[in-house]
Amino acid sequence: MENKFDSPETAQEFFDRLFAYDLLDRYPNHKVAAEVDYSLRLLWSAEKVCIQDWSFSRERIREILYDELTPEILLNAIGAYKIYCTAPWDLSIIILAMLTLCKYDPDLLEPTKMNELREQSMICFAGTDFTDYANAKNKADFFSYAKGKFFPLPQRIFSLGLSSGEILVYAYLLYREDRKTFKCHPSYETIGKAVGMSKNTVKKYVDGLHEKRLIETCYTTVQTKDGHVHNGTLEYTILPLNIAEEYYDAKQMKRLVQEQAKVNLFKKLAKFDKKRERSKG
């Protein structure tokens, strides 16, 4: 019999219910919000998590997250994470530790002891959505992902009405993204060579991604040794997907309202024409 926690519907319910999108209102720093989302997905996709002498199976991890994690606990974990941690992997451990070990030994919440927990923990992946770095046995293996050997393309990107060219450029920006700052600086020419497009075509798709709220862009400058300042490449910031989703949903709703208004107008005009014809007769 299939466990309910293996169901995609259960996972979607968990993320929709917990993280999301009202958490951004309570914690508007989009960089931290994106790291929280990613950390939770690491936990949900892990085959096993070991914290000191404790070991949690995938089923148990999902059960704990689904039944016990609240926005308040998550916000407390974020607070601890900001003090002394460096990567989403660390936040994943803190979240699970707060839901398990720390319930029985509150002293573990003290920063030094929590840091020891991190150092004596590991997340193992096998046969999950994170197959590109399956079987990670320690933090070094995990950071081989973080340093750019693999990168995930979110499934939700295919439900935002993007063209194939926009998806391709977005994927390349994710590939070049700094995992800590969510920024990258490739030129149009560099992107074009990587994905087989002209600079003008790349610019068109970059503008589209910006308009759809998937990225932010700003111009940079470069100062030469002789003191002259020149324009540099664009700086790209990858935004949390919920921003693009909300924008897309708002546009879809606006379009539906406009279409309904047209239908109502045509009905009124037809009704008016019938009345006019009757009055003539």
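Here is a short chat about how some labels in this predicted model are assigned.

Modeller: Residues are numbered from 1 along each chain as its sequence is written, and side-chain values use heavy atoms, without hydrogens or water. Since the model is predicted, local features need pLDDT of at least 70 and side-chain atom pairs pLDDT 80 or more, while totals for chains, interfaces and linings use all residues.

Biologist: How many disulfides does the structure hold?

Modeller: It holds 0; a disulfide would be a pair of cysteine sulfur atoms within 2.5 Å.

Biologist: What makes Glu-177 count as buried or exposed?

Modeller: Its relative accessibility is 11%, so Glu-177 counts as buried. Glu-177 touches Phe-182, Lys-183, Cys-184 and Ile-238, leaving aside residues up to four places away in sequence; contact means heavy atoms within 4.5 Å.

Biologist: How do you know whether helix 10 and helix 12 are roughly parallel or roughly perpendicular?

Modeller: Angles under 35 degrees count as roughly parallel, over 145 as roughly antiparallel, 65 to 115 as roughly perpendicular, and the rest as oblique. The axes, lines fitted to C-alpha atoms over the stretch in contact with angles running from 0 to 180 degrees between N-to-C directions, cross at roughly 85° and come within 9 Å. Helix 10 and helix 12 are therefore roughly perpendicular. Among the residues making the contact are Tyr-170 of helix 10 and Tyr-205 of helix 12.

Notes. Helix = DSSP H or I, 4+ residues; strand = E, 2+ residues; numbered from the N terminus. Buried < 20%, exposed > 50% of the residue type's maximum accessible area, 1.4 Å probe, protein only.
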